[in-house]
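Me: I've just opened this structure and I'd like to learn how to read it. Could you walk me through some features, giving the idea before the case?

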Amino acid sequence: MRKEGQYLGVQLLTRKSYQVLKPSKTAAWGKRRAWICKQLRMVGFVFGLMGSFFLLDSVMLTVVHHISFRNGHFRSKEWQMQDGGSGYDINVENTEKLMYERLINLAHSALAKNELQADPFSQWKEPYEQASSWKPCADKSSSAVHQENVMNGSGFILVSANGGLNQQRVAVCNAVAIAAMLNASLVLPKFLYSSVWKDKSQFGDIYQEDYFISLLKDDLRIIKELPFHLQSLDLESIGSQVSDMDIRKESKPLYFSKVIRPLLLRNGVVHFLGFGNRLAFDPLPANLQKLRCKCNFHAFKFVPRIQEIGSLLLKRIRKYNYRVSELDKQLLGNHMPSSLLVGNNRSGKPLKYLALHMRFEMDMVAYSVCDFGGGEKERRELQAYREIHFPTLVMRMKENASFSPAELRKLGRCPLTPEEAALMLSALGFKQRTYIYLAGSDVYGGRSRMLPFTSLYPNLVTKEDFLTPSELAPFRNFSSQVASSHPL
């Protein structure tokens with residue numbers, strides 16, 4: 001007890017001594033403690049406020065995450081009642097969409113900045129003087145191969161080109177180069193019917209056959225039909241039919257010398273079926289490269305009725321008295337537009353326009369295997385389209401698990417959507433009033449998909465804006481012929 005009392009006495013004495021002997025230090029500590037408490041309360045308030053902001057931000061991100069860009073506008077996901085109205089659940093089917101609202105706002109800002117540019121046509125000028133001095137890769141009046149190779153043929157080559165207009169041209173010019181390299185005669189090309197394009201047009205329906213044959217006569221022999229004694233051959237059974245599955249893409253000339261030449265010499269004829277991008281661009285002998293160039297840029301001349309509709313379309317788009325270019329002469333021939341002024345543009349100055357091909361048609365979108373934010377409905381629709389029109393692609397997708405839409409987009413292998421195309425044009429400096437001619441087929445998603453684009457660039461026109469239904473009627477079911485008439 002004594003020790004305890006002594007201990008308590010010491011405690012009391014110590015406290016009393018502290019209070020009596022050091023009053024100023026005690027008062028200072030009280031003030032300091034009050035200040036610290038005040039600061040702690042302030043810090044707690046700040047952290048609480050920040051926490052509230054983070055919570056609110058999380059809620060907003062959750063809401064935005066379940067918003068989809070539909071029909072050119074942002075629209076909330078539908079709220080669905082469940083269990084007879086006992087609660088709501090957000091439909092999260094169509095998610096993972098880019099924040100187009102923010103990007104479109106950035107595009108509007110870029111357009112506002114573009115309006116301050118002094119030169120209204122700065123984007124139309126060639127920035128490099130060297131480019132204006134470039135010369136064509138081939139002269140249409142000179143031959144690219146030796147004359148003696150033309151008559152001494154080693155067989156006949158047929159080509160049935162697939163795809164659209166551009167793919168067909170590439171296939172034909174590759175066949176021209178291969179025929180010249182193998183010293184063979186080329187039969188006038190055929191075009192395969194495509195379930196995508198749904199166009200039964202053949203070479204002579206689009207291009208002038210005699211002009212094609214005549215222009216290339218010094219480089220190789222071209223005939224309109226296979227000789228009669230070879231027409232009855234079953235080319236597939238004798239091994240003379242070569243499809244795209246048999247040839248690697250971008251094959252070098254050595255392959256055709258080692259594999260196709262013996263086949264040609266043995267059977268006298270080889271039929272390339274499809275022939276899409278099967279000849280490499282490099283390396284290739286200079287004379288064959290020039291021949292391919294000559295074919296692509298000089299040998300194709302549209303038939304008169306396509307030249308006529310193209311001339312009419314060009315005249316109505318340009319709306320002014322312009323100087324005729326060599327390209328106009330090549331494309332339109334004797335159907336050049338008259339020099340009469342059209343419309344209300346009488347300044348005589350060029351009416352600049354931008355020809356834009358979206359490359360966002362149904363077939364392009366489906367073939368890309370990319371995701372464009374349409375959710376499960378879009379994925380089912382595109383997959384069904386692929387199974388009908390691209391069965392080989394579907395087979396490759398099943399065999400290869402690397403077909404990831406997210407990865408393809410990350411690698412830049414997806415077609416630009418109309419929204420992204422508008423952002424690109426605004427970033428390049430094109431003003432809002434830019435006159436744009438939209439070429440190509442129908443855009444996937446229709447007019448609603450184009451709303452973001454037209455909100456940024458309202459001066460958008462198509463062939464339907466310039467040609468009457470009666471003028472378009474002869475080409476209605478011939479997509480390749482319509483594509484031929486589009487102005488550059």
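Me: Let's start with the open sheet: in what order do the three strands come, and is the pairing parallel or antiparallel?

Reply: First, a word on the source: this is a predicted model, where local features need pLDDT of at least 70, side-chain atom pairs count only at pLDDT 80 or more, and totals for chains, interfaces and linings use all residues. Residues are numbered from 1 along each chain as its sequence is written, and side-chain values use heavy atoms, with hydrogens and water left out. Now the idea: helices (H or I, at least four residues) and strands (E, at least two) are DSSP runs, numbered from the N terminus, and two strands pair if DSSP finds at least two bridges between them. Here the order is S11-S12-S13, and the pairing is parallel. The edges are S11 (354–357) and S13 (460–461), each of which pairs on one side only.

Me: Which residues of S11 are on its covered face, and which on the uncovered one?

Reply: In a regular strand, side chains alternate between the two faces of the sheet. In S11, Leu354 and Leu356 make up the covered face, while Ala355 and His357 belong to the uncovered one.

Me: Now the disulfides. How many does the structure hold?

Reply: Look for a pair of cysteine sulfur atoms within 2.5 Å. There are two such links here. One joins Cys173 to Cys295, with S to S at 2.5 Å. The other joins Cys370 to Cys414, at 2.1 Å.

Me: Why is the disulfide of Cys173 and Cys295 called left-handed?

Reply: The torsion about its S-S bond is about -85 degrees, so this disulfide is left-handed. Cys173 sits in helix H5 and Cys295 in helix H10, so the pair ties together parts that are 122 residues apart in sequence. Both Cys173 and Cys295 are buried (under 20% relative accessible area; exposed is over 50% and partly exposed in between, with a 1.4 Å probe and protein chains only).

Me: And where in the chain are Cys370 and Cys414?

Reply: The link of Cys370 and Cys414 is left-handed too, with -90 degrees about the S-S bond. Cys370 is in the loop between H13 (362–368) and H14 (375–389), and Cys414 is in the loop between H16 (405–410) and H17 (418–428), 44 residues apart. Cys370 is buried, and so is Cys414.

Me: Back to H10: how far does this helix reach, and which of its residues are buried?

Reply: For a helix, the expected span is 1.5 Å times one less than its number of residues. H10 (residues 286–299) has 14 residues and reaches 18 Å from its first C-alpha to its last, close to the 20 Å expected. Its buried residues include Leu288, Leu291, Cys295 and His298.

Me: What about the largest nonpolar core: how many residues has it?

Reply: A nonpolar core is a set of buried Ala, Val, Leu, Ile, Met, Phe, Trp, Tyr and Cys residues joined through side-chain atoms within 4.5 Å. The largest one here has 62 residues, and Phe256 and Phe272 are among those with the most contacts inside it. Helix H5 (residues 165–181) gives the largest share, 11 residues. A second, separate core has 32 residues, including Leu356 and Tyr457.

Me: Which residues does Phe256 touch?

Reply: Contact means heavy atoms within 4.5 Å. Not counting residues up to four places away in sequence, Phe256 touches Ile178, Met181, Phe272 and Phe275, among others.

Me: Is His271 buried or exposed?

Reply: His271 is in strand S10 (residues 269–274), and its relative accessible area is 12%, so His271 is buried. Its side chain makes a polar contact with that of Ser160 at 2.8 Å (a polar contact is a pair of N or O atoms within 3.5 Å; within protein, one must be able to donate a hydrogen and the other to accept it, and residues adjacent in sequence count only if both atoms are side-chain atoms).

Me: To finish, how many helices and strands does the chain have?

Reply: The chain has 21 helices and 13 strands, and buried residues make up 38% of its 488 residues.
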